Amino acid sequence: MAMVVCLGSALKLLAAMLLALSPLPHAHRSELSEDSQLGGHAVMSATPAFLRDADPTHTEKHKALCSAVTQCYCMRYTLHQMNNVCGWCESDRTPMLGNVDGPSEGTCGHWVWSYRDCPTLYCEGDWKKTVFMLDVMYPPIVFCVLWLYLSCVAKPNPEPQKPALMDTTRTRDEFAKGLLYERAKPKIDPFQVYFPYVPRLSSLLSIMLEGSVLKAVAGDAMRFGFIVSLLYTLLRFVPGLVEKQHYLVMAATLEEVKGLSATLQLSVGFLFSFYALGRVGWWWQVMDYCRCMQGRSHDLAMIIGGYTAVREIPKGSASKQVSWLESKWHFYRLHMASWIACFRGLSPDFGQITLDDMRDIGFLEEQEVKILEKSTHIRKVLLKWLAVWIEHHIEDMTVRQLAMDKLCGLRGAMASLHDACELRAPMSFEGLMYTLVLAWVSTIPFGRLHDIADRTLILDQNVMIPTFSAVCTYAFFMSMIGLLEAFKDPFGKTRDGLNAETLFLETETSVHDYFTAPVPECFDHMLISEKFTLPDAVN
C-alpha cells in the first residue's frame with residue numbers, strides 16, 4: 001500500500017508538470033505567481049507581465065482574455081490574480097470586464113466576480129485533459145485491482161482430517177520394549193505459533209498476511225477501499241454538477257453524518273477494548289488448562305512408574321493374575337484414550353477420530369468399544385476406569401491418595417477446558433458490539449472529510465491518502481473481529497489455533513518414558529517388579 005501512495009503522489013506531480021508545460025495561445029502565456037491561500041492549499045494563477053506593468057484601465061488584451069471564457073468556472077484560466085479583471089454574468093451567461101461591484105459596461109442581474117462563487121464549479125476544458133481524468137480515476141482503479149487480486153489468491157481454511165498420531169499402532173509387545181518402542185514421535189510444530197518479530201515493516205506485513213483471518217480481511221479491506229475511493233471521487237464531481245445552494249445543503253448533511261461517526265467511534269472504543277482484552281485473557285486461560293492437563297498426566301505417570309518399580313503387584317482373582325507390565329499397559333492406553341475423548345469435541349481434527357479408530361491403533365479393546373458406544377460421556381467413563389485401576393493396584397494409602405488427587409486434578413482440568421471453550425459473552429452484548437463496529441466502519445469515510453463547505457477544496461482534494469487511512473482503520477478493526485471469532489474455536493484450523501496433536505504427543509511420549517524408562521544399576525537392589533533394560537546391542 002505504501003507503493004500505491006507513492007505512485008499516487010508521483011502521478012499528482014506529473015500532472016502538475018504537464019499542466020505547467022501544456023501549450024497555451026501566445027496571448028495567454030505569462031509568468032506564474034502564487035495566489036491567495038484557500039483552506040491551506042496554494043491556488044496557482046498567472047498574471048501577464050503586461051498587466052503588472054500597464055495602466056490599470058482595461059485594454060483590448062483584457063477584453064480578449066475575458067471574452068475567451070465560455071463558462072463561469074473557466075474564469076480561473078484567465079490568469080489574472082484574484083480574478084481582478086474578468087467577471088461572469090450568470091443571468092446572461094457571458095463573461096464581462098468589471099470589478100467586485102459589477103461589470104464595467106452595462107448591467108448584470110447575477111454578477112459573479114470570483115470563480116469560487118460560481119453556481120457550479122464546472123469547466124468543460126478540465127474534463128478533456130487526460131492528466132486530470134487520470135488523477136480522478138486512478139484511486140478506484142488501484143483498489144479495484146488489489147481487491148480482485150486478493151480475492152483470487154485467497155484460500156479457504158484446510159478441511160479437518162485425522163491427526164498423524166493415528167498412523168502409529170500401539171501394542172503391548174512394543175510397549176514391553178521400553179525406550180525401543182515403535183511409538184509416535186513428538187511433533188515439530190509448536191503447541192502455539194509465536195509471531196517472529198522482524199524490525200522491517202514489509203516483513204511484518206508479509207508474516208501477518210500468512211494468517212487465513214488476516215488474508216481474508218485484506219481482500220475485504222481492498223473492497224472497502226474501492227467503495228471509499230469511488231465515494232470520494234464522486235464527491236469531487238458534485239461541485240461541478242450541483243449548484244452552490246444545493247451543495248451547501250448536502251455539505252450540512254455530511255457534517256451531521258461526520259458527527260454520527262464521531263459518536264459511534266466513542267462507543268466502539270469503550271466496548272471493543274473491554275471485550276477484546278477479556279477474550280485475550282480467556283485465551284491464556286485455555287492454554288493454562290491444557291498445560292494443567294498435561295501436568296496432571298505427568299504426575300500420574302511418574303507416581304505410578306515409580307511405585308510399580310519397587311512394589312509387588314497386588315494379587316488378582318484366582319482365575320487371572322497379571323504382571324505390572326500388563327497393568328501399566330492398560331493404564332497407559334486408557335489414559336491416552338481419555339485425552340482423545342477430551343479433544344474430540346474441541347478440535348476438528350480429533351473430531352474425525354471414532355471409537356473404531358481408537359481400537360485400531362491399540363488404545364481400546366473390542367469390549368471397551370461396545371461399552372463406550374452406549375455411554376453418553378466417553379471421557380468420564382475412561383476416567384472412572386483409571387480410578388478403578390488406582391484403587392486396586394496401589395495399596396499404600398498415602399500414594400493412593402496422592403494418585404487419586406492427581407487423577408481428580410486431571411478430570412477437573414479437562415472439565416474446565418470444556419467449560420472455558422463454551423464461555424461466551426451475553427448474546428446481546430456481542431450483537432451490540434459487532435453492530436456498532438460495523439456501523440462505525442461504514443461511516444469512516446465521512447469522518448475523514450474536512451472543510452466540506454469549501455467546494456474548491458473538495459474538487460481538488462487528494463483521494464488516495466484519505467482512502468488509505470480509512471482502509472487501515474477498517475482492516476484493523478475487522479481483523480480484530482475476525483481474530484475474536486477465531487478465538488472462539490481455540491483448536492480450529494486457523495493459523496492462530498492451538499495444536500492439540502502436539503500437546504497429545506508431548507504427553508504420550510512423556511507418559512511412556514515414565515512407565516518404561518530403565519533405571520541405573522545402582523538402583524537394582526530397590527527393584528522388585530520387572531525392569532526394562534536396553535539390549536546389549538544398544539548399550
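Helices here are DSSP runs of H or I with at least four residues, and strands are runs of E with at least two, numbered from the N terminus. Welcome to a predicted model, where local features need pLDDT of at least 70, side-chain atom pairs count only at pLDDT 80 or more, and totals for chains, interfaces and linings use all residues. Residues are numbered from 1 along each chain as its sequence is written, and side-chain values use heavy atoms, with hydrogens and water left out.

**Nonpolar cores**
- A nonpolar core is a set of buried Ala, Val, Leu, Ile, Met, Phe, Trp, Tyr and Cys residues joined through side-chain atoms within 4.5 Å, where buried means under 20% relative accessible area (1.4 Å probe, protein chains only).
- The largest such core has 110 residues, and Phe343, Leu417 and Phe491 touch the most other members.
- Helix H8 (residues 244–310) contributes the most to this core, with 20 residues.
- A second, separate core holds 16 residues, including Tyr73, Val112, Cys118 and Cys123.

**Glutamate 90**
- Look for glutamate 90 in the loop between strand S3 (86–89) and strand S4 (94–99).
- Glutamate 90 counts as buried because its relative accessibility is 17%.
- Beyond neighbours within four places in sequence, glutamate 90 is in contact (heavy atoms within 4.5 Å) with Cys72, Cys108, His110, Val112 and Pro119.

**Second largest pocket**
- H16 (464–487) supplies the largest share of the lining of the second largest pocket, 9 residues.
- A pocket is an open set of points on a 1 Å grid over the protein atoms alone, where a 1.4 Å probe fits, with protein on both sides within 12 Å along at least five of seven lines; lining residues have an atom within 4 Å of a point.

Notes
Buried means under 20% relative accessible area, exposed over 50%, partly exposed in between (1.4 Å probe, protein chains only).
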